[in-house]
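Work through these exercises with the sequence and model open. Each task is followed by a stepwise solution.

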Amino acid sequence: MTTPKLDTKPKEQPRYLALVILFVFFYTAALSISASIRAHTPNTVVDAGYALPFIGWLIGILACEKAVRVRLPNRDPWIFPIIASLAGWGILTIWRLSPSLGLKQLAWFLVGSVLVILGLGVRDLVPLLKRYKYIWLVLGLLLIALTFFVGVNPAGAGPKLWLHIFGIYVQPSEPLKLLMIIYLAAFFADQIRPNIPLLNAILPTLLLTGLAGLLLVGQRDLGTAALFVCIYGLMLTITTHRRRFLWLIPLAALVAGLVGYFVYDVIRVRVDIWLNPWLNPSGAGYQLIQAKIAVAAGGLTGTGPGLGSPQSVPVAVSDFIFTAIAEETGLLGIAAFMLLILLLTMRSLNIAQSAKTSFGRYLAFGLSTYIALQTFFIIGGNLGLFPLTGVTLPFVSYGGSSLVTNLLAAMLLMRVSTEKATNPLPLKSRQPYHWVAAGFLAILMVIMLASANFAFFQQEKLLNRAENPRWAVYDRYSPRGEIVSQSGEPLVTTIGSPGSYSRQTTYPPLSNTLGYAIGLYGQTGIEQSLYSVLRGYAGVDYNDLWWHELLYNQPPAGLDVKLNLSQSLQAKADQLLGDEKGAVVLLNAHTGEIYALASHPNFDANTLEDDWETMMQSEDAPLLNRTVQAEYPIGTLAAIPALSAFWSGQQDIYSPPEVSSKLDTACYQAMLGEEYNLNPLKFGCEAGTTSVLDNVDAASLVDSFYNFGLFSAPQVVMEVGTPAEMPTTEAYMSFFNTAEQTGVSPLQMALVAAAISNDGITPAPKLVNSYKSPTGEWIAYDHASTEQQAIPVQMSQALRDLFRSSSYALWYQSGHAQLENDGILTWYMGGTTSDWHGTPLAIAVAIENNNPALAQQIGTQLLTGVGNR
Amino acid sequence: MTAAIGLTLRILFFIALYSFLAFAVWVIWKSVSAKDLKPGNILIPSITLAWDNGEETILQSFSSAELLVGREPECDFVLANATVSSRHARLSFHQNQWWFEDLKSTNGSYLDDLRIEEPIVLKDGDDVSCGDVIIHVTIKNNNA
């Protein structure tokens with residue numbers, strides 16, 4: 001007979017702990033220079049503040065280690081190094097997120113260490129716990145009951161689960177977990193015997209667990225209640241060797257879930273979020289979505305300690321600390337973390353199997369399930385595998401009650417483990433322990449797979465979501481590229497130094513087109529559509545990008561972008577449009593280069609953060625880019641597509657149909673504008689447009705609208721409005737009757753004008769000219785869209801002739817439409833004719849007011865101004 | 001430069017962390033694969049307790065590792081005698097032996113007229129008295 005000796009060489013233990021100290025030290029060191037890395041400081045600046053948590057933690061674990069070595073020479077050698085590493089990882093992560101909370105956590109850790117050392121000094125602590133099992137349990141339940149009367153919530157709102165004693169907050173449900181396990185282990189150790197009927201043996205525990213559960217449910221702490229039921233079910237199964245008790249777990253979960261769902265709003269919201277977080281990504285689902293994005297941001301190796309943005313997940317220090325670890329240490333860190341937890345639970349199961357007394361065995365088993373299940377509950381909740389329960393991540397999450405309880409639990413485990421050196425209490429069967437271990441391993445694998453899914457397979461998709469705020473952080477530390485006009489004048493620049501970079505718009509009236517990039521509100525306009533170039537993702541050397549992201553977790557400096565906008569034409573358009581609401585689009589009729597995009601009223605991106613509320617509430621919609629996003633009714637400008645539909649059936653002979661010469665106020669005013677002329681089509685008389693429409697059939701009208709691109713969104717490297725829907729064959733007639741109400745944007749009408757000036761070919765609109773490569777050359781921007789033949793050449797000639805200006809080599813058409821608010825929208829579109837010698841141009845003007853004279857003035861001045869220059 | 005130091009520290013962090021884990025997994029695996037040390041492989045020798053209540057001799061055999069002896073009906077081995085305490089003694093098997101432990105009973109337990117103060121080892125054929133009752137112990141060693 002040999003005397004078994006399992007891991008009984010205490011002299012080996014400091015070596016394990018040395019590795020733990022090293023790992024926490026490297027983590028601390030990396031954190032302490034992270035601010036310096038982010039800000040690209042020329043010299044390494046070490047944040048000495050991190051020395052405090054590290055040294056505090058070191059003192060705590062060395063003191064505990066010493067006490068443990070003296071008191072428990074035959075303990076399990078792995079428990080202490082594992083909890084030391086978990087606690088160290090946790091304290092430093094909390095410190096990194098919030099030094100003030102980190103300090104509190106450190107203080108709690110030291111308090112816990114002192115309690116562990118004191119607890120180690122109590123002789124026969126384990127039998128003592130067993131003897132007075134009811135006292136402990138009643139104490140725990142009383143504390144919980146107390147929260148009903150004097151409970152508070154440190155956050156000010158939410159479930160009142162805390163007691164406020166001498167200025168500190170204590171959450172009694174944490175010690176209750178430990179006390180409950182002690183009670184159950186003690187009770188089962190005494191009562192589960194062959195000659196006691198099973199029901200009698202478990203009835204008191206059933207009642208007390210039920211009572212504790214009800215108290216917790218009453219306090220809306222369903223996470224802890226569910227944890228109790230699971231621990232209870234597993235302990236019953238192990239102690240009675242009856243597998244049927246396992247059914248208790250899903251059954252209780254289902255009942256609790258259903259009751260909770262219908263009784264408590266908190267639970268309903270959490271379950272709903274869990275089922276569909278994307279339903280309300282900025283509201284209730286925000287936290288969970290941010291958690292998934294944080295895991296994705298970590299990727300394989302993490303952003304590096306201190307280099308990520310784990311604060312984007314609300315309450316990252318407590319409930320969501322796992323996501324902070326995941327973001328900054330990646331899948332590699334998650335795997336290591338899960339291995340630590342797995343080792344801890346496996347060692348505990350081993351201690352249970354090798355225990356000398358039934359009480360020790362059941363206690364170790366209960367503690368093992370407590371640590372494992374709580375970890376799975378919270379990480380599973382973070383990853384969206386289960387509904388979120390507000391339990392803590394053992395040894396890691398911020399929370400004094402939890403940390404101290406966990407440390408005491410570890411102390412008990414170590415005390416029970418010393419029993420194993422002698423010959424253990426025989427086991428009926430090891431199989432249940434193996435099943436439990438296999439179950440824990442399986443859940444761990446599921447968590448790893450879910451993490452890998454977010455961090456690897458769905459990484460791209462998650463990081464590109466609008467809810468991901470990390471771009472705003474990158475913008476502060478790495479400069480965005482400039483946006484310049486065609487002649488190189490800056491429109492938007494980056495000012496400041498690393499860590500405080502910000503965007504400055506040098507020509508604010510263009511803000512609606514240039515857009516903004518503000519962390520709180522997101523990105524719009526060019527800032528959004530050319531994000532990848534401006535931010536340094538596209539166009540830069542791949543190796544450069546890779547190294548930059550690895551070293552700094554930032555993209556490199558972004559590339560400058562040149563637009564086709566001409567600052568002088570833009571300024572002129574803005575000046576002419578003045579205080580009128582509306583839009584002007586001026587483009588090169590041949591190449592599609594956009595020279596001016598005026599949208600009034602506009603906002604100023606530089607002061608948007610102050611003006612946001614006013615801008616959002618303003619009825620004038622100053623944030624809307626009217627040039628591309630407005631959906632104005634086409635009104636009497638429908639005459640041109642109608643004419644082209646009328647002519648499409650004819651061959652080469654283009655003469656207009658009989659047109660009614662009945663005038664209306666708006667068209668009469670337009671006739672009085674630039675030149676005195678009574679052409680009812682040219683000035684958009686309603687009766688004139690109706691006469692043309694009366695002579696076409698619905699199918700050719702739809703074709704004509706389609707050919708002019710009025711049913712499709714222009715491809716213009718910017719977010720544009722939704723185009724009118726192309727009617728189905730059945731809907732032709734209703735479209736025909738409401739053709740004049742078809743919604744179009746000024747850009748769409750400018751492209752119609754361009755097609756007429758450009759021999760029937762609609763050019764591809766080009767807002768972006770080029771971007772500056774890292775080596776300094778301008779590289780032409782590749783526009784995906786192509787030009788389209790909208791109408792035959794001769795037809796465009798006929799249209800130009802019909803709408804020709806009497807004084808310039810121009811054609812134009814004035815028009816108007818009825819706005820929803822009963823106001824009049826004034827339209828103007830025009831372009832150069834074939835005898836024009838300058839740059840071929842096309843324009844569309846929309847004014848949300850009856851002001852044809854101004855529209856004609858803007859059109860003529862902008863079209864001829866270019867030629868005269 | 002700072003970034004390079006940071007990267008080095010990150011790599012060292014992972015090396016230290018994974019060395020610890022690898023070390024742990026290796027040592028634990030080694031101890032687990034040492035099969036003969038498994039506690040479950042030790043069988044409990046069945047113990048038979050007998051006492052005479054004046055009318056008949058009551059014999060009971062047990063295969064569990066822990067037994068309670070006393071007057072209470074919850075006990076595994078019930079001794080209906082006024083001199084026996086409600087929970088008189090505990091018998092448990094560990095270190096490959098059956099141990100007898102007096103649970104601070106009123107009238108005490110005796111083995112060969114010696115009062116049992118500390119847990120003692122029981123042998124096959126021992127007669128232990130609890131109060132006025134004498135229990136005869138029979139142990140069949142299955143491991144032998």
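**Exercise 1.** Which residue takes a positive phi in the hairpin of E3(A) and E4(A)?

*Solution.* Start with the strands, which are DSSP runs of E at least two residues long, just as helices are runs of H or I of at least four, both numbered from the N terminus. E3 (residues 483-484) and E4 (residues 490-495) of chain A run antiparallel and are joined by two bridges. Two strands count as paired if DSSP finds at least two bridges between them. Val484(A) has Pro490(A) in E4(A) as its bridge partner. Five residues sit between the strands, and in this hairpin Gly488(A) has the positive phi, near 95°.

This is a predicted model: local features need pLDDT of at least 70, side-chain atom pairs count only at pLDDT 80 or more, and totals for chains, interfaces and linings use all residues. Residues are numbered from 1 along each chain as its sequence is written, while chains are lettered from A and ligands numbered from 1 in the order in which they are written.

**Exercise 2.** Over how many bridges do E4(A) and E5(A) pair?

*Solution.* Take E5 as residues 502-505 of chain A; E4(A) pairs with E5(A) over four bridges, in the antiparallel sense. Ile495(A) stands opposite Ser502(A) of E5(A). Six residues lie between the two strands of this hairpin, and Gly496(A) in the turn has a positive phi of about 100°.

**Exercise 3.** Check the span of H3(A), then find where its buried residues lie.

*Solution.* First, the length. The expected span is 1.5 Å times one less than the number of residues. H3 (residues 51-71) of chain A has 21 residues, so it should span 30 Å, and its end C-alpha atoms are 30 Å apart, which agrees. Next, burial. A residue is buried if 20 or more other C-beta atoms lie within 10 Å of its own, exposed if 12 or fewer, and partly exposed in between, with C-beta atoms placed from the backbone. The buried residues of H3(A) include Phe54(A), Trp57(A), Ile61(A), Cys64(A) and Val68(A). Seen down the axis, the buried residues of H3(A) fall within an arc of 165°, so they line one face. That arc is taken from the directions from the helix axis to the C-beta atoms. An α-helix has 3.6 residues a turn, so residues three or four places apart point the same way. The face turned away from the buried side carries the exposed Ala51(A), Ile55(A), Lys66(A) and Val70(A).

**Exercise 4.** Is Thr147(A) buried or exposed?

*Solution.* Locate Thr147(A) in helix H7 (residues 133-150) of chain A. Thr147(A) has 24 C-beta neighbours inside 10 Å, so it counts as buried. Now list contacts, meaning C-beta atoms, placed from the backbone, within 7 Å. Beyond its neighbours within four places in sequence, Thr147(A) touches Lys160(A), Leu161(A), Leu163(A), Pro172(A) and Gln219(A).

**Exercise 5.** Why is H27(A) described as largely enclosed?

*Solution.* Count burial in H27 (residues 639-648) of chain A: nine of the 10 residues are buried, so the rest of the structure largely encloses the helix. Among the buried residues are Ile640(A), Leu643(A), Phe646(A) and Trp647(A). The buried residues of H27(A) pack against helices H29 (686-694), H30 (698-707), H32 (746-757) and H33 (793-802), and against strand E17 (810-818), of chain A.

**Exercise 6.** How many helices and strands does chain B have?

*Solution.* Chain B has one helix and 11 strands. Buried residues make up 33% of its 144 residues.

Notes. Two residues are in contact if their C-beta atoms, placed from the backbone, lie within 7 Å.
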